[in-house]
Amino acid sequence: MNKLDVKTLNTLLSTFGPSGNEGAVREFIKSEIEEHVDEVQIDALGNLIARKKGIGKKIMLAGHMDQIGLMVTYIDKEGFLRFTNIGGVSPTISLSQRVVFENGTIGVIGSEHLESVKDLKLDKMYIDIGASSKEEAEKIISIGDVCGYHNPPIIDDLKVISPSLDDRIGCYIMMETIKNLKESPNDLYFVFTVQEELGLRGARTSAYRVEPDIGIAYDVTMTGDTPKARTMSLKMGEGFAIKAKDNSMISHPGLKNHLVKEAKNQNATYQIEVLEFGGTDSGAIHLSKEGVPSSVISIPTRYIHSTCEMVSNKDVLGAINYSTKLLTKEFDF
Amino acid sequence: MLLKNLCELKGVAGNEKAVRDFIKKDLETAGKNTTIDRLGNLIVTNGVNSDIHIGITAHMDEVGLMVKGIDDSGLIRFTNVGGLDPRVLVSKVIEIGDEDIPGVIGAKPIHMQKSEERKKAFTIDQLYIDIGTESKEETEKYVSPGDYINFISPFEPFGNHKVKAKALDNRVGCFMVMELIKMNLPIEITGIFTVQEELGLRGSQVAANNLDADLILVLEGTTCGDLTEVEPHLQTTELGKGPAISLMDRTSIYQRSLVDKLTAVADYHKIPWQYRRNSFGGNDAGRFQHSKGGTPCLSVATPCRYIHSPVSVMDERDFEGMKKLLTLFIEDLSKGGVL
């Protein structure tokens, strides 16, 4: 495969899905993959579990459907909405951005007058949906409603830009892998998880249910390739990454070596990732029940948790081709 | 009155025995089966069999103090058990250990403080407990490191439908669970009274692994910040505006469809209610929701001012509203079609 499926990716990135509100994303993914898998289940928390049956080891592949967002906590007399964060939301990045609610309402984020930009905190900020009173606002939005950054995706020959690449790009790689995969000796569970941004919650419950022998998450990771960036060896466009470590886990050495060996066998362009903060679903999977050897296949991504996360098409396509071949073979380590 | 009894019992996190024994006896008298797990959680069944099985839970523990050491003078040094603001501690009356040794929390008096000291609140290390003894040896006859320290704060109704007491967080929840278990509602209910919630949801982490329910209701006394200096959008709940229903907190995000079903019942029966309006704090739902394969949870609470202090205040009407709402909601659940 050498080209992105722009239509599918565009829909996936545009679909509403802040943590805890992954329903629309789940429905879309389900409709895309249903005919390519043997079983589809949705668990109590909303994880989508798609199984491609095999007689070999049980492998759980996980990508999270949710993205960061905001939840309305209070509507004032003038119709402005106060909010709290869902996941890691930066006040600086949020200022003056557009947000979109599930019902399509679009608002902008403003701030109280502050003496210094250093005083900018989320509780000094509000969402303006253009309503002129509490009553008018309440006709459209209720307390507890959630929204995400509104910034339609851009997909060209080089790159993809979207606020929901974390982690729809992981979901996309899994979906394409499912579609490409013909035969596998492994018992594959593709799990599209919920609430990763709130602390790997969906991965925790789905791993308990699946009881995998091996866990592999697909997620975004930082890069160190922008001007005066924090030191990190990963570069966008130089291949997907095989994780050595982040703050939620250290990759199982046997599994990591297997992933590296397979990448070499395939002549795939890859990088090794050491992330000094953050975590992924594998952090929850590897500690499930009696422990699960786990690792992560990462996509180097610039501007994570902003309105314009950016990935390279080459890295995404590389990850899809690699995963397809990887899962066609047994995992011996 | 049951709630008064519950609030006045000693139950600092890790030392919930008195509360557990009281609840156990009351529910066994009502003919219910109880068990206690290895961490001390009390589990009760209402004896009904139905297709739908719900869990109702509240934590028994409260925040408090523990003896850390004894000075040569006989004064006692202590540490906090659970989240306590040291600024609320000075000059409070307490009791220590199983023998209920009375004491007071003291600090350097104002006359002896330097002017810059007066501008700062005492830290917990600058406070001590005085039990009226004169030497280390004498204190050691009554108190030893590790002893739990409890606030003395009687449960008293006052003002306009208000109640003041210690430990409303979370004896309010315990009371609710007891009532709902005893009501003989037509649905299988397991009541779970957890330990050590205030130390990081520890009891529930274990209890959740022994429970298979379709829905879990987590009942609480929750923070109430309806004070003039707190801006309206930062107030969690308001006293007198009805039970507070959670949307999100630090440990859970609740399924909106379930929240909407609960609020619809309140609206239909014209029971005032409010959202718990910000995402501070966490509760046992964080464990019940994410243990094993996951279980949907709802959190409902009575707003309580000044929680995590020796005196908290609630409005009886919120409390009555919460009980009525939960009863009606559970009746709806028992008819099926809600979950």
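This is a predicted model: local features need pLDDT of at least 70, side-chain atom pairs count only at pLDDT 80 or more; totals for chains, interfaces and linings use all residues.
Residues are numbered from 1 along each chain as its sequence is written, chains are lettered from A in the order in which they are written, and side-chain values use heavy atoms, with hydrogens and water left out.

A search of the whole structure gave four cavities of 30 Å³ or more, a cavity being a set of points, on a 1 Å grid over the protein atoms alone, where a 1.4 Å probe fits but cannot get out. The volume is the space filled by probe spheres set on the points, which are joined across faces, edges and corners. The largest cavity holds about 90 Å³, and its lining (residues with an atom within 4 Å of a point) consists of 13 residues, with Val63(B), Ala167(B), Asp169(B), His308(B) and Ser309(B) nearest the centre. By class, this lining of the largest cavity has six nonpolar, three polar and four charged residues, where Ala, Val, Leu, Ile, Met, Phe, Trp, Tyr, Cys and Pro count as nonpolar, Asp, Glu, Lys and Arg as charged, and the others, Gly among them, as polar.

The second largest cavity contains about 60 Å³ of space, and its lining has two nonpolar, six polar and three charged residues.

Over all chains, 35 salt bridges were counted, a salt bridge being a side-chain nitrogen of Lys or Arg within 4 Å of a carboxyl oxygen of Asp or Glu. One of them joins Lys10(B) and Asp100(B), with an N to O distance of 2.6 Å. Because Lys10(B) lies in the loop between α1 (2-8) and α2 (17-29) of chain B and Asp100(B) in the loop between β6 and β7 (101-106) of chain B, this pair ties together parts that are 90 residues apart in sequence. Another salt bridge, between Asp21(B) and Lys17(B), has an N to O distance of 2.7 Å, and both residues lie in helix α2 of chain B, four residues apart, about one turn of the helix. In a further bridge, the closest N and O atoms of Glu179(B) and Lys323(B) are 3.4 Å apart. This pair links helix α5 (residues 168-182) of chain B, which holds Glu179(B), with helix α9 (residues 316-334) of chain B, which holds Lys323(B), across 144 residues. Both Glu179(B) and Lys323(B) are buried, a word that stands for under 20% relative accessible area, with exposed meaning over 50% and partly exposed in between (1.4 Å probe, protein chains only).

Most residues other than glycine have a negative phi, and most peptide bonds are trans. The peptide bond from Asp166(A) to Asp167(A), however, is cis, with omega near 10°, and Asp167(A) belongs to helix α5 (residues 165-180) of chain A. Likewise, the bond from Asp169(B) to Asn170(B) is cis, with omega near 20°, and Asn170(B) is found in helix α5 of chain B. A positive phi, near 55°, is found for Asn267(A), which lies in the loop between α7 (253-265) and β15 (270-274) of chain A and is exposed, with a relative accessible area of 70%.

Definitions and conventions:
On a 1 Å grid over the protein atoms alone, a cavity is a set of points where a 1.4 Å probe fits but cannot get out, and a pocket is an open set with protein on both sides within 12 Å along at least five of seven lines; lining residues have an atom within 4 Å of a point. Helices (H or I, at least four residues) and strands (E, at least two) are DSSP runs, numbered from the N terminus.
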